[in-house]
Amino acid sequence: MGENGAGKTTLAKQLNGLLRPTLGRVTVDGDDTTKKSVAQLSRKVGIVFQNPDHLLFSETVRDEVGFALKNFGFELGVIVKQVERTLEALDLAHYADTSPFLLSGGERKRVALAAVLAWEPDYLILDEPTIGQDYQQKERLRNFILQLNSQGKAVVMVTHDVEFVAECNPKVVLMSKGRIVAQGQADEILSDDGLIEKASLVKPQMAKLFSQLGGFGFPRDVVDVHRAKMLLEEKLSEVKVRVAQGS
Amino acid sequence: MAGTQGEIIAARGLGFQYAGSASKALDDISIVIGQGEFVLLTGPSGCGKTTLCRCLNGLIPNFHPGEISGELLVDGVSVAAETTSELSRKVGYVFQNPENQLFALTVEKDVAFGPENLGLTREEIRGRVDWAMEAAGTVALKDLAPYELSGGQQQRVALAGVLAMKPSVIVLDEPTSFLDPRTAEEIMGAVDDLRRENGITVIVVEHRLDLVGRYAERIVVMDHGRIVADGKVEDVLDAEFDRLSGLGIGLPKVSLLWSLLKRDGLVSERLPTHVESAVKMLSQRLSN
């Protein structure tokens, strides 16, 4: 996370060799990225760009999602199965024969994601995956990311969507002006006024709420609704009992 | 809201079906928007929000082929009778993806492109460009090439280019997608100022209600090409929370929190739409 122009996308592009460092070293599984081709690195590191139109070109959604698999030399049976599975997972199966260019912005974004997920890279880099997604799609995406993560895949997400991050509670790397300025768990980072200011973010609504309710003895690092509800439930029930006893 | 200030947009039974598509993207849309209103247009992915916006400046049916039905008036004139170039003086459109509308070699030239093509005097063009770049916060970028800017900076330049046309309506299609949250708030604030100072009608398409909720007076919710809710933001959220939530609309987290507490009988007030009102109500209860 970090302000516009902080260097997030530039860093992401270093991870599959699209950009190479002019100073220092980037390694993927121990291999220096300057010694590997983008094609070799891509097999391990899949990047989904911010703008889906930079990635889409096929005539149908099915072809688009199968394209990389074909190039990586998978067998036809595997390709068909893998494409179907990915389309299903991203709620795109009904668009299999549609041109990606007839779809809405949010839908194209999901096709781009599917096109990368299909070959199951070990490392998945998502540049602003929630743009143009409605809440249901975001929930789907969140579950999908958590599932991949639990299968041992590393997911790196570039995003400004503080509420989405609050719900996922991942490790956050905060960037500003080309540097990493903080690292930590999302609830710590997103409730820290100084860091939020520095990286041009805003607090998630729950963090705003709890920083203003500080006088009632609540913790300040609350960022998600469910924790907020539990804390308030307890306090409000106490109040209710007190009021009932008092009257 | 609408009424006293006059209608700027009026749709009656508006329908549209994209060529090659099996279903209607817009189905019997009737809505009146008054001059100077700030309308939040929302709904699940693919519900027809962008399609409705494309009708407002004539991109539909002039550029996107398909079958249009019903009536749509912008500033009293039927869209069907106007060219997109004529309509673009009235309705400015900031697209989801700013790259789609930037092309000149410098930011300043890009912002000047619209007014130059209106055949205005040099002084008028200069004045408009300076004003628009100032209002959108792009003065410092004026000599840079649009393609070397970050997504957020590009979005500001796109906004400046639209402002320079001095339209009566600005449509912003998910304008803050590419922006960091602080910049997103700044842009929405700048748009709201423009509305207050110049009476520009603002229509924002957005999934994130928390961001726009504080500026918009009115929310219009679409689903399957139809308008399914329309009213004041607080009223609609309070009355339709469960239904909107079922549609997959990103409701403000404070409203969600409140609805959960309300379900458990711990609070009884109307759903808050922003943090400040929730803080006030909770402080009051907790002080008991």
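The buried residues of α6(A) are covered by elements of chain A that include α4 (76-89), α5 (105-117), β4 (123-127), β5 (154-158) and α7 (162-168); contact here means heavy atoms within 4.5 Å. This is a predicted model, in which local features need pLDDT of at least 70 and side-chain atom pairs count only at pLDDT 80 or more, while totals for chains, interfaces and linings use all residues. Residues are numbered from 1 along each chain as its sequence is written, chains are lettered from A and ligands numbered from 1 in the order in which they are written, and side-chain values use heavy atoms, with hydrogens and water left out. Helices (H or I, at least four residues) and strands (E, at least two) are DSSP runs, numbered from the N terminus.

**Helix α6 of chain A**

- The 16 residues of α6(A) (residues 135-150) should span 22 Å at 1.5 Å a residue, and the end C-alpha atoms are 22 Å apart, which agrees; the expected span is 1.5 Å times one less than the number of residues.
- Gln137(A), Lys138(A), Leu141(A), Arg142(A), Phe144(A), Ile145(A) and Leu148(A) are the buried residues of this helix. They cover an arc of only 165° around the axis, which puts them on the same side of α6(A); the arc is that of the directions from the helix axis to the C-beta atoms.
- Buried means under 20% relative accessible area, exposed over 50%, and partly exposed in between (1.4 Å probe, protein chains only).
- At the start of α6(A), a side-chain oxygen of Asp134(A) comes to within 3.1 Å of the backbone nitrogen of Gln136(A).
- Gly152(A), just after the helix, has a positive phi of about 95°.

**Strands of chain A**

- An open sheet of three strands has the order β3-β4-β5 (chain A), with parallel pairing; two strands pair if DSSP finds at least two bridges between them.
- β3 and β5 of chain A stand at the edges with a single partner strand each, so one side of each has no neighbour in the sheet.
- α5(A) packs on this sheet and touches β3 and β4 of chain A, its direction making about 175° with that of β3(A). Axes are lines fitted to C-alpha atoms, for helices over the stretch in contact, and angles run from 0 to 180 degrees between N-to-C directions.
- Four bridges join β3(A) to β4(A); Val45(A) stands opposite Tyr123(A), and Gly46(A) has Leu124(A) as its bridge partner.
- Both faces of β3(A) (residues 45-48) are covered, with Val45(A) and Ile47(A) buried on one side and Gly46(A) and Val48(A) buried on the other.
- β6(A) (residues 171-176) and β7(A) (residues 179-185) run antiparallel, joined by six bridges. Their hairpin has two residues between the strands, and Lys177(A) takes a positive phi near 50° there.

**Chain B**

- Four strands form an open sheet in the order β2-β1-β4-β5 (chain B), paired antiparallel. β2 (26-34) and β5 (77-78) of chain B are at the edges, each with a single partner strand, so one side of each lacks a neighbour in the sheet.
- Eight bridges join β1(B) (residues 7-18) to β4(B) (residues 66-74), and Ile9(B) is the bridge partner of Val74(B).
- α1(B) (residues 49-56) lies across β1, β2 and β4 of chain B, at about 120° to β1(B).
- Twelve of the 13 residues of α6(B) are buried, so the helix is largely enclosed by the rest of the structure.
- The cover over the buried residues of α6(B) includes β6 (91-94), α4 (107-116), α5 (122-135), β7 (169-173) and α7 (181-198) of chain B.

Technical notes:
A polar contact is a pair of N or O atoms within 3.5 Å; within protein, one must be able to donate a hydrogen and the other to accept it, and residues adjacent in sequence count only if both atoms are side-chain atoms.
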